[in-house]
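This report is meant to be read beside the sequence and the coordinates. It begins with the chain as a whole and then turns to a helix pair and to individual residues.

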Amino acid sequence: MKGIETTLSSLSESLPDVHSEKPAVELYLSRVGIRNYKVKVTICSGECEAVALTMSMHVDLPGSLRGVHVSRFIEVVETLAKQAHTSIPEFLRRVAAAVLSKHGYATRAAIRASFEHVLGSGGGVSAEYVG
């Protein structure tokens, strides 16, 4: 494993940070991110329940940058998914705040999650948080 870690570390050090490079055409984008990311989250409001979410996460991107670091979205979600939350909207608010913090150039984050939860009528529920 140590050899693989050393190789990966050397590789990442030698790769250019393309995301931060000046693009050929400067164009502001209001939504850049990841869609249909699946994660299991523990929600504890009384009893704890594991909920499988399908998430979309986006930030705005100034015209001076070429792209976002998609791995930062994944890092935020996977870190927060290890903790229990009181509700799905609370989880989404925390994801939005952390995504904005990780993407310092962004002024807006949009986080959407859908999930199946059987209600008395047999319908599903979805939630969205834009911050």
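What follows is a description of a predicted model.

**The chain as a whole**

The protein chain holds 3 helices and 5 strands, and from the N terminus on these elements run in the order α-β-β-α-β-α-β-β. Of the 131 residues of the protein chain, 33% count as buried. Among contacts between residues at least 6 apart in sequence, 60% join residues that are at least 24 apart.

**The pair α2 and α3**

Two packed helices are described by the angle between their axes and the distance between the axes. Helix α2, which covers residues 70–81, packs with helix α3, residues 88–102, at an angle of about 140°, and their axes are 9 Å apart. The two helices, α2 and α3, are therefore oblique to each other, since an angle has to be over 145 degrees to count as roughly antiparallel. The crossing of α2 and α3 is right-handed. On the α2 side the contact is made by R72, F73, E75, V76, V77, L80 and A81, while α3 contributes F91, R94, V95, A98, V99 and K102. The residues of this contact between α2 and α3 divide into 9 nonpolar and 4 charged, with no polar ones.

Helix α3 also holds E90, which counts as buried because its relative accessibility is 17%, below the cut-off of 20%. A polar atom of the side chain of E90 lies 3.0 Å from the backbone nitrogen of T86.

N36 is found in strand β1, and although N36 is not a glycine, it has a positive phi of about 60°. With a relative accessible area of 52%, N36 is exposed.

H58 belongs to strand β2, which spans residues 47–61. Is H58 buried or exposed? At 9% relative accessibility, H58 counts as buried. The side chain of H58 makes a polar contact with the side chain of R31, at 3.2 Å. Leaving aside residues up to four places away in sequence, H58 touches R31, V32, G33, I34, R35, F73, R108, A109 and A110. Among these is F73, a residue that also takes part in the contact of α2 with α3.

**Residues of the loops**

S20 is found in the loop between α1 (2–14) and β1 (29–45), and with a relative accessible area of 44% S20 is partly exposed. S20 and V68 are 48 residues apart in sequence, yet their C-alpha atoms are 8.5 Å apart in space.

H69 lies in the loop between β2 and α2 and, at 17% relative accessibility, counts as buried. H69 and D17 are 52 residues apart in sequence and 9.7 Å apart in space, C-alpha to C-alpha. Not counting residues up to four places away in sequence, H69 touches D17, H19, H103 and Y105.

The accessibility values of the residues discussed are gathered here.

| Residue | Relative accessible area | Class |
|---|---|---|
| S20 | 44% | partly exposed |
| N36 | 52% | exposed |
| H58 | 9% | buried |
| H69 | 17% | buried |
| E90 | 17% | buried |

Notes: Residues are numbered from 1 along each chain as its sequence is written. This is a predicted model: local features need pLDDT of at least 70, side-chain atom pairs count only at pLDDT 80 or more; totals for chains, interfaces and linings use all residues. Side-chain values use heavy atoms; hydrogens and water are left out. Axes are lines fitted to C-alpha atoms, for helices over the stretch in contact, and angles run from 0 to 180 degrees between N-to-C directions. Helices (H or I, at least four residues) and strands (E, at least two) are DSSP runs, numbered from the N terminus. Angles under 35 degrees count as roughly parallel, over 145 as roughly antiparallel, 65 to 115 as roughly perpendicular and the rest as oblique. A crossing is left-handed if the near helix is turned anticlockwise from the far one by less than a right angle, and right-handed if clockwise. Contact means heavy atoms within 4.5 Å. Ala, Val, Leu, Ile, Met, Phe, Trp, Tyr, Cys and Pro count as nonpolar, Asp, Glu, Lys and Arg as charged, and the others, Gly among them, as polar. Buried means under 20% relative accessible area, exposed over 50%, partly exposed in between (1.4 Å probe, protein chains only). A polar contact is a pair of N or O atoms within 3.5 Å; within protein, one must be able to donate a hydrogen and the other to accept it, and residues adjacent in sequence count only if both atoms are side-chain atoms.
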